[in-house]
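Subject: Structure handover

Dear colleague,

Here is the structure for your files. My notes on it follow below.

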Amino acid sequence: MKNAVYYTIAPKDLAAHLFEVTLIVDKPDPDGQVFSLPAWIPGSYMIREFARNIVRIHASSGDGDVALEKRDKHTWQAAPCKGPLVLAYEVYAWDLSVRAAHLDQTHGFFNGPSVFLSVRGQESLSHVVDIRPPEGEVFKAWRVATALPGLKAKRYGFGTYMAASYDELIDHPVEMGTFELATFKAHGVAHDVVITGRVPNLDMARLTADLKKICEAQIALFEPKSRRAPMDRYVFMTLALGDGYGGLEHRTSTALVCSRNDLPVKGQKEMSEGYRTYLGLCSHEYFHTWNVKRIKPAAFAPYDLSTEGYTSLLWLFEGFTSYYDDLMLVRSGLIDETAYFKLLAKTINGVLRGSGRTKQSVAESSFDAWTKYYRQDENSPNAIVSYYAKGSLVGLALDLTIRTETKGRKSLDDVMRALWQRYGRDFYSAIGGEGVSEAGVERLFDEVTGLKLKRFFDRYVRGTDDLPLTKLLAPFGVEVSDKRKDGKEAKASLNVRTTRDGNDCKLANVYEGGAAHRAGLSAGDILVAVDGLRVTATNLDSLLARYRVEDAVTVHAFRRDELMVFTATLASDDAPQMTLAGQSKPVALARLRANWLGMKTA
C-alpha cells in the first residue's frame, strides 16, 4: 500500500514482558523525522508517561544507522536521511490494566498509545500493522481479538490490519492468546465477546444473551427509528482475574477487567451482585460508543495526547454514562426496579458521605480530573466530589426535572439524541464533526426541552448544592427514606474509614468534622487500643458497639513510629443510609415511573 505508515509488533521475550515494534516510514521529513508517543490515553485522564516503557530504540535506513536525538520525555528526532527510515524499539509490557500493555506466557494485550510511536506530519495517512505471534509450537493455538479491520489477516488471525489514520489505529486495543470467544448480533451488527483467563463453567450463552439486550436497548435509544448502530462490528474484551475491576472505551470495542467470580456460571439462574456489576460495567463502556467516542467535548476534538486536555464537561460524558449504565439494565429487563433503586441509593449515599461535595462542583471536578480525581489521597472525601457519581445524579435530576416540567413530553433521552444527531452521528464520517462546548451543552438543553435550566446549572453543575432528589422522585411514586437513627439511639462512631495493614487497623480516611478529626487523629494512624482494649484489623466496630454517642474514649495510636494518646468523644455514625422504594399507588405515578424506567405496566 502506497502512502502508508507500517508497523510490525511481535512478542519478543514473554518472560521479560517485551514487545518488539518496527516502524517503517517511506518518506521521512527531509529536515529530520520526528516521532512521539502519547502521554495519556483517551478515557483515562491522567498523564501515564508511556514512553518510560521504551527500553531500547534504534533507527536505520538503506545507508546504515541513523542518529536519534531525544527531544523530550516522549519525543525523538531522526537525523535527515533518505527513505525508507526504519525505527526499531522494544516496549516493556507489564501493566495488568486496561490502559497500557501486558505480555507473558498466558496472553498479550496492548493499547496503541502505549506501543505505537506516531510519525509527525503523517498522522492522517493510512496505518498498517502486522501483528505477529510469539515463536514456538506451544503458541500455535493463540488467536487475535481486535476490532481493527483486517488487511490480509483473517478474522481472529495474526497478520496485517489497517487503520485510516494514527488516531484510528490507537483506538483499537488488541488481545492475543487462547481466549474464549462467542458472537451475537444486536440489530444486525456482530458483537464479539472475548474472555481471557481461566473461568470454569462460564455460561457464555447467558452472557451473550444479556449483552444483546443491553446493546439493543442502547442502539434503540440513540436511533429509535432506524435501529442503526454506529459501527459495523464491536468487540467486548474481558480479562478475568482473581480480583479486578475496570474498563476503557474505544470507538468499536472495549477493554475490561473483572473478577472471574463476577462472570455467570452454568446452571446459576439468579443475578448475583458480581454479575450485575459486570453487566453495568459493560453497559457503561458500550454507552461511551456514543457518549464521548463520537459526541465529544470541544477540548477532545481533536485530542492532544501530548499534554492534559481540560474540559469541565466530564460530568456529562462520564456522569451521564454512569446514569444510563444501570438504567439500561432495568430498561432491558435484566433487573427489576427494586434492584435498580438499590443501586441508585448506593450512589446517593456515596455522594452524600463526603464533605468534598460542598467544596467542589461537578464542573470543577471535571476540569481538575487530571490533578485531583485521578490522584486521590487520604483527604479526597473531604476535598472533592466524583464527576462520575454526582454526575450520574445530575443526569437523574435533569431527567426527572424535564419529564415533570414538560408533563412527560420530553426527557433526557431527547437531549442525548439531539447531541448524537448534531455532534456525534457524523463525527467519523467524511463530513467530519466537532465537539460540543460548555455553553453549547446548556443551550441545547434549553432548545430541546423548551425549558430555562440556567438556575439548575448554576446550583447543581457549577454550584455545590445537594440535588433535591426526594422532591424530584416523589412525582414518580418513589419514596426516599433515611434509615439513620438520631441522637443517642444512633450507632457510636469515630467517623473514619479503616483499612487492614497486616493485623493492624489503619485509618484510611478521617472524615471532616467527625469524632476522630476533633480528637486529632489523622489518616495513616495505626489504632492500638480503645480504653485499654486492643484494636485489631477486624474488631473496631465490635469494640465501639459497647459505647453510646457522646461517650469519651481514650485512643492509643501509632503515628509513624511514635505512640500517641487521644481523647475522642464518640459521635453518631453519620454515613447516609438512604433507601428508595417504588409505590404501587397512586397508579398514575406508577405509570410515570414505568415510562421513565422503560417497564411495562399492568
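Ser-380 counts as buried because its relative accessibility is 6% (buried is under 20% relative accessible area, exposed over 50%, partly exposed in between, with a 1.4 Å probe and protein chains only). Ser-380 belongs to helix H8, residues 380-383 (helices, H or I of at least four residues, and strands, E of at least two, are DSSP runs numbered from the N terminus). Its side chain comes to 2.9 Å from the backbone nitrogen of Asp-377.

The model is predicted: local features need pLDDT of at least 70, side-chain atom pairs count only at pLDDT 80 or more, and totals for chains, interfaces and linings use all residues. Residues are numbered from 1 along each chain as its sequence is written, and side-chain values use heavy atoms, with hydrogens and water left out.

On the aromatic side, the whole structure holds 38 aromatic pairs (rings of Phe, Tyr and Trp, the last by its six-membered ring, with centres within 6.5 Å; planes under 30 degrees apart are stacked, over 60 edge-to-face, the rest tilted). One of them is the tilted pair of Trp-40 and Tyr-45, at 6.1 Å centre to centre and 50° between the planes. Both Trp-40 and Tyr-45 are buried. Phe-139 and Trp-142 make an edge-to-face pair, with 5.1 Å between centres and 75° between planes. Phe-139 is buried at 14% relative accessibility, and Trp-142 is buried at 7%. Trp-40 and Tyr-45 also belong to one aromatic cluster, whose members include Phe-300, Tyr-303, Trp-370 and Tyr-388.

Arg-251 lies over the face of Tyr-428, 3.9 Å from the ring centre, and the charged end of Arg-353 is over the ring of Tyr-511, 3.7 Å from its centre.

The second largest pocket has a volume of about 500 Å³. Its lining has 22 residues, and those closest to the centre are Glu-123, Tyr-166, Tyr-303, Asp-304 and Leu-305. A pocket here is an open set of points on a 1 Å grid over the protein atoms alone, where a 1.4 Å probe fits, with protein on both sides within 12 Å along at least five of seven lines; lining residues have an atom within 4 Å of a point. Points are joined across faces, edges and corners, and the volume is the space filled by probe spheres set on them.

Regards

Conventions: A polar contact is a pair of N or O atoms within 3.5 Å; within protein, one must be able to donate a hydrogen and the other to accept it, and residues adjacent in sequence count only if both atoms are side-chain atoms. A charge sits over a ring if NZ of Lys or CZ of Arg is within 6 Å of the ring centre and within 35 degrees of the ring normal.
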